[in-house]
Amino acid sequence: MDASTGIFISHHTHSTEELVRALSDLLETCGVKHWFAERDIRPMENYAEVIPGVIERCELLVLLLNEESNASRQVLREVQYAERLKKPVLVARLDDCDESQTIAYLGATDQQLDLRSLGAEQKAQKLAAALCAWKAGEQPEVEPGALFQYERAENSLEFYGDEGERERLQSQREFIYEFAHEEYDALLSSVRDAVFLDVGCSTGEQAMLFLDGRSEIRQYVGVDKEAAALEKGRELFPQGLFCQCDCESDAFDDALREIEQTLDIDGFDVIHISMLLLHLKEPQILMDTLRGHLNEGGRFLILDIDDGLNVAYPDPDGVFGRAVEICAQTGYSGFRRSGRQIPQLLYDVEMEDVRLLKQGLSTVGMPREKRTAFFNLYFWFILDDLRKMHAQAPQDKLIESEWQWFEKNYKDMKNQFKKKGFFFNLGFLLFSAQ
Ligand SMILES: C[S@@+](CC[C@H](N)C(=O)[O-])C[C@H]1O[C@@H](n2cnc3c(N)ncnc32)[C@H](O)[C@@H]1O
């Protein structure tokens, strides 16, 4: 008797039963063995007792990810169990649900299949085709470079929850401080008794470097979508008010109103947005919402990046230029032409007195060890992003070749970067508007 249960279909019954039945019919036609609860649990069998054994004997778990399954504790248990047993998992994304919950348990090598734009029938067909190909030993087909991102895109990244991103933020902090502390000092010394709103605050550590010891700030308020970052922020800065909210969601406006009620204020005096806009798909919506919560005479203070302002010299073979181009496309780094859009974003919400306070952080005058840290800040993380993308889509030849190219040139670039006369300018930008 064949002990294998084939493909285990993990899903939320009511929302996807029809899809699962259609998928099952298609899998039958190409002889792919599979298991799903509605068909395969026999009367009188206990669900909780049967499932672990079925997962132990399956070859692949397919997670049909939608809002309902993402919120289902049973589905979460199934995915966790499969991960614990190191079973391969294929995530079939059915809708735009927040993927931070169930998917957070998955390993980097688990595959994803995006079915979001398809109708019900096509979803079943595309998934069945991928599973039949998988059974036949073929890698699922992917468009080369599908993970490369050329413009603003939906932001489904984890920041504080991802070790690499957490490290990136940590090493970025002191460089951003060095880049802009004089301008922050000048601007903050001109406010009084101010309430400071930090949007996309993470742990608050970046803003607090600038605010430390400043008596002009009466209250710090940090907003972020990641609970763990906020938890850390509360521990580090108990005097601050930290609130969890997705600033791209419709609920953001109400969340700000609630904060204002709690603090008994009409709005905020300084709205600070540091390294967030590059990760948003529609920053103008955020700006519009925030504009309604800025006090009369209040200011925006926006720090962002534009890699179009990066300069590397000498770069006779164009290696640095190419590395910057690659960075512009790795989705993990956000939209790398974000900085140039800020004046327009500010004028569109009728701000006045838009100023570019500072642009570009360069290697000039940096000691050798600092240059190494600066190199890592930018280039090591591109390498890490490519590594992650390759793990996510190992069959994507374009990503593989960019990654190999980067690995091959990395050491030489690093040595070149450390030389005293080598010039690198990173396109940080700091804007204010009143
Ligand atoms: C690159 S980090 C910058 C953190 C901090 N502002 C700094 O300058 O170091 C971006 C932060 O924005 C948060 N973020 C991204 N998209 C968000 C959204 N839609 N709503 C709220 N926070 C968001 C992330 O969780 C992350 O903490």
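# Charges, cysteines and backbone geometry

Asp246 is partly exposed, with a relative accessible area of 33%, where buried means under 20%, exposed means over 50% and partly exposed means in between (1.4 Å probe, protein chains only). This is a predicted model, in which local features need pLDDT of at least 70 and side-chain atom pairs count only at pLDDT 80 or more, while totals for chains, interfaces and linings use all residues. Residues are numbered from 1 along each chain as its sequence is written, and side-chain values use heavy atoms, with hydrogens and water left out. The points below cover surface charge, salt bridges, cysteines, residue pairs and the backbone.

**Surface charge**

- Asp246 sits in the loop that runs between strand 8 (241-244) and helix 10 (251-263); helices (H or I, at least four residues) and strands (E, at least two) are DSSP runs, numbered from the N terminus.
- Together with Asp98, Glu248 and Glu282, Asp246 belongs to a patch of negative charge on the surface.
- Such patches are made of residues with over 30% relative accessible area and no salt bridge, like charges being joined within 9 Å and nonpolar side chains (Val, Leu, Ile, Met, Phe, Trp, Tyr) within 5 Å.
- Accessible areas come from the Shrake-Rupley method with a 1.4 Å probe, and for residues only the protein chains shown count as cover.
- Asp and Glu count as negative and Lys and Arg as positive, with His and the chain ends not counted; each charge is placed at NZ of Lys, CZ of Arg, CG of Asp or CD of Glu.

**Salt bridges**

- The whole structure holds 26 salt bridges, each being a side-chain nitrogen of Lys or Arg within 4 Å of a carboxyl oxygen of Asp or Glu.
- Glu178 and Lys370 form one of these, with their closest N and O atoms 2.2 Å apart; this pair links distant parts of the chain, since Glu178 belongs to helix 7 (residues 163-188) and Lys370 to helix 14 (residues 368-392), 192 residues apart. Glu178 itself is partly exposed, at 35% relative accessibility.
- Glu402 and Arg322 are joined by a salt bridge at 2.7 Å, N to O, and they too link distant parts of the chain, with Glu402 in helix 15 (residues 397-418) and Arg322 in helix 12 (residues 319-329), 80 residues apart. Here Glu402 is buried, with a relative accessible area of 10%, whereas Arg322 is partly exposed at 35% relative accessibility.
- Asp40 pairs with Arg39 in a salt bridge whose closest N and O atoms are 3.0 Å apart; Asp40 counts as partly exposed at 21% relative accessibility, and Arg39 counts as partly exposed at 33%.
- Asp162, Asp384, Arg387 and Lys388 are connected in a network of salt bridges.

**Cysteines**

- The search of the whole structure finds 0 disulfides, a disulfide being a pair of cysteine sulfur atoms within 2.5 Å.
- For Cys201, the closest cysteine sulfur is that of Cys243 at 8.7 Å, which is too far for a bond; Cys201 is buried, at 5% relative accessibility.
- Cys243 is likewise in no disulfide, the nearest cysteine sulfur being that of Cys245, 8.6 Å away, and Cys243 counts as buried at 18% relative accessibility.

**Sequence separation and distance in space**

- Gln122, in helix 6 (residues 120-135), is partly exposed at 43% relative accessibility. Gln122 and Leu19 are 103 residues apart in sequence, with a C-alpha to C-alpha distance of 9.9 Å.
- Arg299, in strand 10 (residues 294-305), is buried at 15% relative accessibility. Between Arg299 and Gln170 there are 129 residues of separation in sequence and 26 Å in space, C-alpha to C-alpha.

**Backbone geometry**

- Most residues other than glycine have a negative phi, and most peptide bonds are trans.
- The peptide bond from Tyr313 to Pro314 is cis, with omega near 0 degrees, and Pro314 is placed in the loop between strand 11 (311-313) and helix 12.
- Met44, a residue other than glycine, has a positive phi near 80 degrees; Met44 lies in the loop between helix 2 (37-40) and helix 3 (47-56) and is exposed, with a relative accessible area of 84%.
- Glu350, also not a glycine, has a positive phi of about 60 degrees; Glu350 is found in the loop between helix 13 (342-348) and strand 12 (355-362) and counts as exposed at 62% relative accessibility.
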